[in-house]
Amino acid sequence: MSSFFCKQCLKTMINSFLSVRSNLFSYVPNVTLACKRYIQTIKVGIIGSGPAGFYTAQALLKDSRVLIDIYEKYPVPFGLIRFGVAPDHQSNVINSFTNTALQDRVSFYGNINIGQDVTLNQLLKSYNAVVLCYGATEDRKLNIEGEDLINVLPARRFVGWYNGIPQDSDLNPFLQTEDVVIIGHGNVALDCARILLSPSTDITNHALTALRESKVKRVYLVGRRGPLQVSFTIKELRELTKLPGCDTIVFPEDFKNITAETINELPRPRKRLTELLLSLANEKNLNNNHKRCVLMFCRSPLQIVGDKHGKVSSVNLGVNRLIQQEDGVKTELTDEKEILKCGLFLRSIGYRAVSIDPSIPLNDKTGVISNTNGKVHGFDFGLYCSGWAATGATGVIIGTMNASFEIAEHILKDFGQNEPLLVEKPGATEIIPHLKSKGVKVVTFNDWQRIDELEKNLGSQLGKPREKLVNQKDMIKAVDEEKD
Amino acid sequence: MSCSLVYRVGLSRTVIKSYRNLLRLSDHSSLFSTSTNSSNVDKKDQSKPDIKVTFIKANGQKIVGYGKTNENLLDVVINNHLDIDGFGACEGTLACSTCHLILKKDDFDKLKNKPTDEELDMLDLAFGLTETSRLGCQVYLTKEMDGLEVVVPETINDARTT
């Protein structure tokens, strides 16, 4: 029988047929003749409860022996779905993630800082495998003069501010200026521009209040390469073009070297994106009363200039020439320079994974955890990474989903190949008491559901789906009050 | 038994899969859909889901679901509890491309509602995009579509070594 079905399938079948787990033992001998050490549960710790964490968990659960504990830094789950995606983009994946979190084989532990409250080593000892899904949160710097001036901010913190990330809630970006420069041609840059020019009402209340009094009229999106190299996706660009009372401007000069044939030969997604950009370049009917979002290509910031108060007042841009090389399009500075006036400067030129433990190898060049198919280099078996921590901050959620599913498959395959090495591990039963003894307030998924309810109530009073709590203390308080 | 079936089907798709493997049936979705649909479908709507749609997965496996007029292909997948990984993540709000399906040219051309710019924008982010790709959540069933066969594209992209 065991040769007819694969071992894994058999276990799954038996588990599913027998609702009472203890009955299992009477069947086990038939199945495990080939495998002397039958392990009943494989405990996996997942660090980070964003899309990578949940999608990896969903795929790992296909092995019915897997029990998953998801650890999250904040008291609230879902990572960038809650904090990164612009609120007017928040999709319904949260429902699917909630269903996963509510499964018996999954536990959520929030408000836990891995690396501080508990070390990676302790986790590796308590789990059969640990998967790092904590994303890429450190923003790349431009490394130019003036980057430390007042009102020069990482775009990611601006996103955190309007999305309610606790540590960014007091950012107070300077909005009493008509001109904002954003460096970078990715979706984060476009999201910032969209919120600056026409704030969606779903953002956190403190941000909405500030943005309603904003004087911002023009946002310049500056990229070092050309229209064919932009990283943003067409959906985000189209939304920008449809903002009420706002014109999106592309200069026809940027298309002078791009022929109709070139565009026609592009793969469909790039082709449609380029056609949309070209149609903006050909748009003649601009409204003088409208706000403006200006897409600037082939410009690199050389220096950020401040006023006597140390606040940013302008940026010096160098004009680039594009050079086609084998490994992509590179830029070379020309002698031409430009000055752009601005009172707020945001940079969004890429993100790096942070290291939560010195033993985790980081690739300095790419800013991700060194790994092969998710297996972290330097660790024989047991430490994996998935999501942006593994691939770099790029792409949209479907990419993260597919990559997470694939990494989970590799992990399950590893379990299969290392079956004899697998021993029963304590998992959270060892970690959580340790955390509590250290005075760490552990937030469970039930606790989160209370916060969730409270946020929805607060939101309905303001006529929106949700008003997020932005302070970690308030979140914890919400949990404690409900319990009393 | 049927009671526990419903419970289990609601619990986990993996479990359904294992039943299927065990029973070695080639087409058993109807077996399950009859017992589970009743809880999901609006009670007032008495018409039966009788439009048959076959989803052909990347590994060649065919799974069958039944839907009604004005339901879309994502509804069919959900209401029939069809096991397709990560399908319909945004629940039909045109915010992802996880319900990407490939139609036969004939079927694609016959569809009355043509893809909007917004649908095409999302499709542009899908893996394995073809000229006859649609988002399942935007394809609405009509009686004429009974027997439709659609391909669920392979979604795995390579997780590169970094």
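This is a predicted model: local features need pLDDT of at least 70, side-chain atom pairs count only at pLDDT 80 or more; totals for chains, interfaces and linings use all residues.
## Helix α12 of chain A

Helix α12 of chain A runs from residue 268 to residue 281 and holds 14 residues. From its first C-alpha to its last, the helix reaches 20 Å, close to the 20 Å expected at 1.5 Å a residue.

Several residues of α12(A) are buried, among them A:L273, A:L276, A:L277 and A:L280. An α-helix has 3.6 residues a turn, so residues three or four places apart point the same way. The buried residues of α12(A) pack against α10, β9, α11 and β10 of chain A, and also against α6 (117–123) of chain B.

On β12(A), A:G318 has A:K337 of β13(A) as its bridge partner. These two strands run antiparallel and are joined by 11 bridges; their hairpin has two residues between the strands.

## Annotated positions

An unreviewed UniProt entry carries the annotation "binding site" for A:A52, A:E72, A:L80, A:I114, A:W388, A:G395, A:V396 and A:I397. These positions spread over 346 residues of sequence and, in space, up to 26.1 Å between C-alpha atoms.

A:I114 sits in the loop between β3 and α6 of chain A. Its relative accessible area is 8%, so A:I114 counts as buried, the cut-off being under 20%. Beyond its sequence neighbours up to four places away, A:I114 touches A:I47, A:Y71, A:L123 and A:I356. A:G395, in the loop between α13 and α14 of chain A, is exposed because its relative accessible area is 54%, and exposed means over 50%.

Terms used: Residues are numbered from 1 along each chain as its sequence is written. Chains are lettered from A and ligands numbered from 1 in the order in which they are written. Side-chain values use heavy atoms; hydrogens and water are left out. Helices (H or I, at least four residues) and strands (E, at least two) are DSSP runs, numbered from the N terminus. The expected span of a helix is 1.5 Å times one less than its number of residues. Buried means under 20% relative accessible area, exposed over 50%, partly exposed in between (1.4 Å probe, protein chains only). Contact means heavy atoms within 4.5 Å. Two strands pair if DSSP finds at least two bridges between them. UniProt positions are given in the numbering used here, feature names are shortened, and annotations may be inferred rather than shown by experiment.
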